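The entries below follow the order in which I went through it.

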Amino acid sequence: MNRSSSLGLSLIATALLVACGGSLRDNTDLIPEGEELDPSLFDDEGKDEGGNGGDDHGDHGDHGDNGDDGDDGLGAADDGGGPECISERFDLAAEPPSVMLVLDKSSSMSDQRWLDQGEPVTRWHSLYGVVSDLVTTYDSTIDFGATLFPAAESGRYDQGFAAACRVAEAPDVPTGPEASAAILDAIPGPDVAVQGATPASAGMMTALQHLALAEEGPRAVLLVTDGLANCAHQEGSEMFLYDEGLPVVVEAAYEELGIPTYVVGIDIRDEHVDYANANAHEELDHVARVGGVPREGGTAYYAANDVEALDQAMDQIAARIECTVPLSTPVPEDADFEITVDDTPMPEVSDCAAEDGWRFTDPAQRSTIELCGQACDALRVHGQMELRVCEKGTITPVP
């Protein structure tokens with residue numbers, strides 16, 4: 001990535017996050033070549049010195065009522081002189097996940113390439129309808145917010161970098177309970193001809209800055225785009241070169257802040273694009289993998305080539321988010337681990353798309369689990385899950 005400023009990464013990222021002197025970002029050199037994103041830049045200056053901000057993802061495992069277990073790790077050791085076990089109960093209704101929708105409203109989203117009930121419509125028309133269904137359906141169980149890239153008032157891509165690549169400092173709608181009406185009021189209507197380039201990295205930074213301030217509950221980003229991220233360069237046609245900073249931002253969010261990114265690709269083609277010097281399918285697949293929650297199967301992002309597939313993808317992601325639980329303490333390799341929903345033990349599985357049970361979403365860290373299939377359905381019905389960690393050899397695995 002070309003460097004257009006001699007400022008160090010710290011000053012560049014701070015300028016993007018604080019953005020003095022205006023309400024919009026210009027996304028200039030988001031991540032300089034050869035450098036990595038410093039996750040501490042997401043922190044808010046007003047947090048206390050104890051680090052109670054978004055980068056302490058060990059604090060996000062308590063999903064509500066943990067009974068009388070106290071605050072000692074996963075819970076209190078069992079009484080009675082038997083094998084040492086610790087347990088914890090999660091009440092999913094107590095702390096709904098905060099999910100930021102990061103939505104592509106670039107000019108290509110105005111292409112009329114899809115049919116809706118036999119009528120040609122734009123991609124944005126379909127996306128608006130699917131977002132409407134999503135936030136309405138999950139309004140009471142997921143705290144949604146929305147960030148547009150580029151900004152709602154951005155100009156056409158042929159008007160240059162300043163017009164086409166601007167992204168708002170703050171989300172168009174912050175995450176919060178029952179935000180569906182606010183989101184649908186804030187984003188362009190289904191028949192608006194949206195315009196602008198694709199500053200996905202800046203959109204992600206706006207979303208992550210907001211999510212990093214959340215001190216409790218699980219957090220996630222749902223990124224929806226129809227092409228290659230750009231706007232990393234200002235000069236002429238270079239503005240449309242692929243922005244290699246996007247996977248850097250997404251990976252840092254997951255690895256350092258514990259914020260995963262689910263990726264939906266609209267009409268993504270598996271071919272090299274000369275003006276961007278990149279392949280959209282390959283690059284988006286990479287972004288989805290480093291985001292920590294890839295789709296099961298060969299392609300890591302959720303591919304949508306029609307409105308039905310888009311609706312299905314968004315619904316599948318929302319269900320996954322509801323059934324993903326960050327633990328307050330990682331499970332040791334030399335321990336037994338049991339999960340029960342409605343007093344029914346659930347087996348550990350390897351393929352969440354095809355099996356019923358649970359799995360670690362991060363096998364190396366063993367700090368986040370996802371319930372799959374009927375186990376997820378049971379969790380959504382009963383609203384509570386219990387886990388127990390014991391000394392090795394104590395718990396007989398569920399077949």
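Helices (H or I, at least four residues) and strands (E, at least two) are DSSP runs, numbered from the N terminus. The model is predicted, so I keep to its limits: local features need pLDDT of at least 70, side-chain atom pairs count only at pLDDT 80 or more, and totals for chains, interfaces and linings use all residues. Residues are numbered from 1 along each chain as its sequence is written, and side-chain values use heavy atoms, with hydrogens and water left out.

Entry 1, helix pair. I looked up α5 (residues 200-212) and α6 (residues 245-257) and found their axes 9 Å apart, at an angle of about 15°. That makes α5 roughly parallel to α6 (angles under 35 degrees count as such). The crossing of α5 and α6 is left-handed, meaning that the near helix is turned anticlockwise from the far one by less than a right angle. For contacts I took heavy atoms within 4.5 Å. On the α5 side I noted Ala-200, Ser-201, Met-204, Met-205, Leu-208 and Ala-212; they meet Gly-245, Leu-246, Val-249, Val-250, Ala-253 and Leu-257 of α6.

Gly-236 lies in the loop between β8 (219-225) and α6. Gly-236 is exposed, at a relative accessible area of 56% (exposed is over 50%, buried under 20%, partly exposed in between, with a 1.4 Å probe and protein chains only). I also checked Gly-236 against Asp-158: they are 78 residues apart in sequence and 9.7 Å apart in space, C-alpha to C-alpha.

Which residues of α9 (residues 374-382) are buried? I list Ala-375, Cys-376, Ala-378 and Leu-379. They cover an arc of only 160° around the axis, which puts them on the same side of α9; the arc is that of the directions from the helix axis to the C-beta atoms. Gln-374 and Val-381, on the other side of α9, are exposed. The buried residues of α9 pack against several elements, including α8 (307-322), β14 (335-341) and β18 (384-391). After α9 comes Gly-383, with a positive phi near 75°.

I counted nine helices and 18 strands in the protein. Of its 399 residues, 54% are buried.

Note on methods
Axes fitted to C-alpha atoms, helices over the stretch in contact; angles between N-to-C directions. Parallel < 35°, antiparallel > 145°, perpendicular 65-115°, else oblique.
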